[in-house]
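Take a look at the structure below.

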Amino acid sequence: MRLIQKFVLSGVLLGALLSTLLTSPVPSIAASTATAALAPCKFDVGLGAAKYQIDAKCAVVPVPEDWSKPDGKKLDIHVTVLAATKSNKQAEPIFYFEGGPGASAITNFGQTFYAAYRSLRESYDVVLIDQRGTGSSSSLQCTEVTDQELADLSKAQDDKEGTAQFIERIKACLTRLSATTDPALYTSKVFADDTDAVRIALGYDKVNVYGSSYGTWLGQIYLGRHGDHIKAIVLDSVAGPWNFYLLDASKNAQASLDKVFALCKADSTCNQIYPDLPSKLKQVLDKLDKEPTKTFGLGTLTLKSYPVTMTRSRFLEVLRSALYLSANISVIPQMVVQAANGDFTLSAAQLTLEAELASQVSLGMYYSVHCSESLPFYTDALIERYKSDSFYGAGVDGDKELAETCKAWRSAELDPADVAPVKSDRPVLILGGALDPITAVAFGQETNQRLTHSTLVVFPYQAHVPLVGSKCAQNITKAFFDAPEKAIDTSCVANDVKPIFAGAYQVELAPYSDPDGAFSVNIPKGWIAQPNKATSPMTFFTSPDGVQLLGIGNFKNMSGAAAEKAAFDIIGKTYGAVDVQIAQSMLFITIVQHGLDRPDQAYIGALLIRSLGADTQVVWQAAPANILQAVLMPVAIPVFTSLVAR
């Protein structure tokens with residue numbers, strides 16, 4: 001979920017609407033839907049230079065632009081189906097509902113969720129739908145805004161100036177889009193009806209649903225309108241249109257940040273290196289209030305350096321973005337203290353990455369949804385109730401900004417019944433992260449009370465969308481879809497990995513010589529060689545607690561690309577399947593980030609590659625997602641720089 005480009009939802013019921021069922025009429029979808037023929041196609045996995053393709057099947061399902069006029073103009077809904085990878089396929093597929101609102105399910109699944117679905121895809125076809133307004137399905141993308149994101153980072157606009165410029169661009173976007181489409185026909189209940197048309201066109205009676213972030217909002221609307229066709233539904237980081245997310249966003253972001261600061265304080269090493277983080281943050285914000293700081297941000301995807309003017313609101317947004325992903329939480333204390341010392345390198349790089357990815361969320365769809373389903377139901381009393389004196393409350397007046405934008409955007413006029421809380425007795429699994437800065441656990445608790453056949457699972461050290469970073473969440477989700485009527489074993493939650501903070505993890509290095517004489521290197525003292533795991537030319541080690549994995553290899557007479565493939569083949573056979581996510585090349589080094597399928601924890605790995613003459617050396621490190629960023633610099637980098645091949 002986004003906050004005027006990146007907020008999500010909150011979780012308080014709309015009083016009198018609590019007992020109201022979703023009552024708006026459901027169109028005759030079957031009568032308007034023809035069978036769709038799936039054809040072979042390719043599906044993109046990963047980002048940038050690491051992107052690769054797998055076989056899939058695709059279809060286009062025509063739907064009425066206006067469901068009240070079934071014989072009128074049609075829109076094409078683009079669908080990709082990833083087939084189950086093993087023969088024991090379940091009859092009901094998983095329909096994947098993307099977040100945003102405005103992100104492409106087809107694009108984002110390949111970039112973010114592919115590794116997390118490895119075990120689910122063994123038994124289930126996965127159906128990816130670019131909802132109308134996103135991706136290839138009549139996108140409402142506002143290039144007038146997104147094309148300027150990188151250039152705008154150099155400008156020191158205050159919030160008022162930035163909002164005025166943004167609204168002028170949104171108006172231009174609306175003018176352009178209105179020539180071919182009506183943004184008022186893009187609402188969650190319409191998306192739900194489009195989705196049911198896809199179900200019918202593909203020949204399914206019942207489906208499973210997994211929704212993350214805004215996908216839980218859409219999932220509940222779909223549950224209310226077409227629940228008879230849902231076998232089971234997972235709501236990961238849940239909220240709905242009856243939850244006044246923008247009003248609650250400041251409080252929830254502050255609560256998440258406070259929890260991270262408290263975790264650092266409770267860690268003696270982190271507290272020693274990064275003491276009194278709230279005061280340090282206040283110092284940064286006070287400084288930026290007086291004078292924005294000019295710096296540069298290195299693009300993660302382009303590897304270009306972009307001028308960035310760091311302002312108070314931008315720095316707060318950087319922290320909020322880092323809080324979304326459990327794997328990024330480990331860098332927050334370092335980011336704050338570096339900024340207090342005048343170094344904005346980390347925060348500027350994060351801003352640059354967000355600007356690089358801005359085009360992946362359709363702003364038009366975002367505002368079509370929230371200008372019709374959120375803002376009209378904000379009363380003065382609610383706005384007053386949600387006022388916050390947090391760092392975020394002092395710097396973000398989100399409801400007014402949304403109101404100004406919605407004045408410039410065309411959206412539907414809905415009745416309260418269209419956004420009323422949904423009730424259902426279908427089997428529901430609710431996943432929540434205790435560190436989530438936007439869909440707080442309270443929203444999951446409210447949903448659990450309202451849906452009578454639901455189970456809530458809370459992960460103490462996960463943030464937004466636990467499925468991505470938690471193997472426990474992945475295992476629970478698969479067990480639930482396999483047998484939704486059975487009680488769920490949630491005991492693995494007790495093993496959720498606590499974050500380690502970057503800069504607060506230290507190792508002592510000691511010399512090591514390969515027994516076969518292939519290389520000499522410095523490795524962390526006390527780490528244990530794994531001779532039973534060795535596969536020429538790779539040698540493997542584990543940390544003393546067995547949690548972290550390390551591999552070193554010298555591939556003779558082999559190019560970098562060939563050595564990368566060979567190394568991943570060896571790693572996959574030794575430790576678990578590898579899903580490549582992103583590759584970066586700087587000078588003579590290539591770093592390839594990937595997921596690693598482990599039975600108990602969700603691992604992320606990094607493979608460092610360099611070619612010297614005819615040979616290529618690699619160093620590989622993998623660790624649970626919550627800790628890799630903290631341990632990579634003190635382990636993999638010094639090991640790599642000390643490696644001498646023989």
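Predicted model: local features only at pLDDT ≥ 70, side-chain atom pairs only at ≥ 80, totals over all residues.

How many bridges join strand β16 to strand β17, and do they run parallel or antiparallel? There are 5 bridges, and the two strands run antiparallel.

Residues are numbered from 1 along each chain as its sequence is written, and side-chain values use heavy atoms, without hydrogens and water.

**The sheet.** β16 and β17 belong to an open sheet of 8 strands with mixed pairing, in the order β2-β18-β19-β20-β21-β17-β16-β15. Strands pair if DSSP finds at least two bridges between them. Strands are DSSP runs (E, at least two residues), as are helices (H or I, at least four), numbered from the N terminus. The edge strands β2 and β15 each pair on one side only.

| Strand | Residues |
|---|---|
| β2 | 47-48 |
| β15 | 528-529 |
| β16 | 538-542 |
| β17 | 549-555 |

Helix α23 (residues 628-642) packs on this sheet and touches β17, β19, β20 and β21. Contact means heavy atoms within 4.5 Å.

**Aromatic pairs.** The whole structure has 23 of them. Ring centres of Phe, Tyr or Trp (its six-membered ring) must lie within 6.5 Å; planes under 30 degrees apart are stacked, over 60 edge-to-face, the rest tilted. Tyr96 and Phe113 are edge-to-face, 5.1 Å centre to centre with 65° between the planes. Tyr96 sits in strand β5 and Phe113 in helix α1, 17 residues apart.

Notes:
Axes fitted to C-alpha atoms, helices over the stretch in contact; angles between N-to-C directions.
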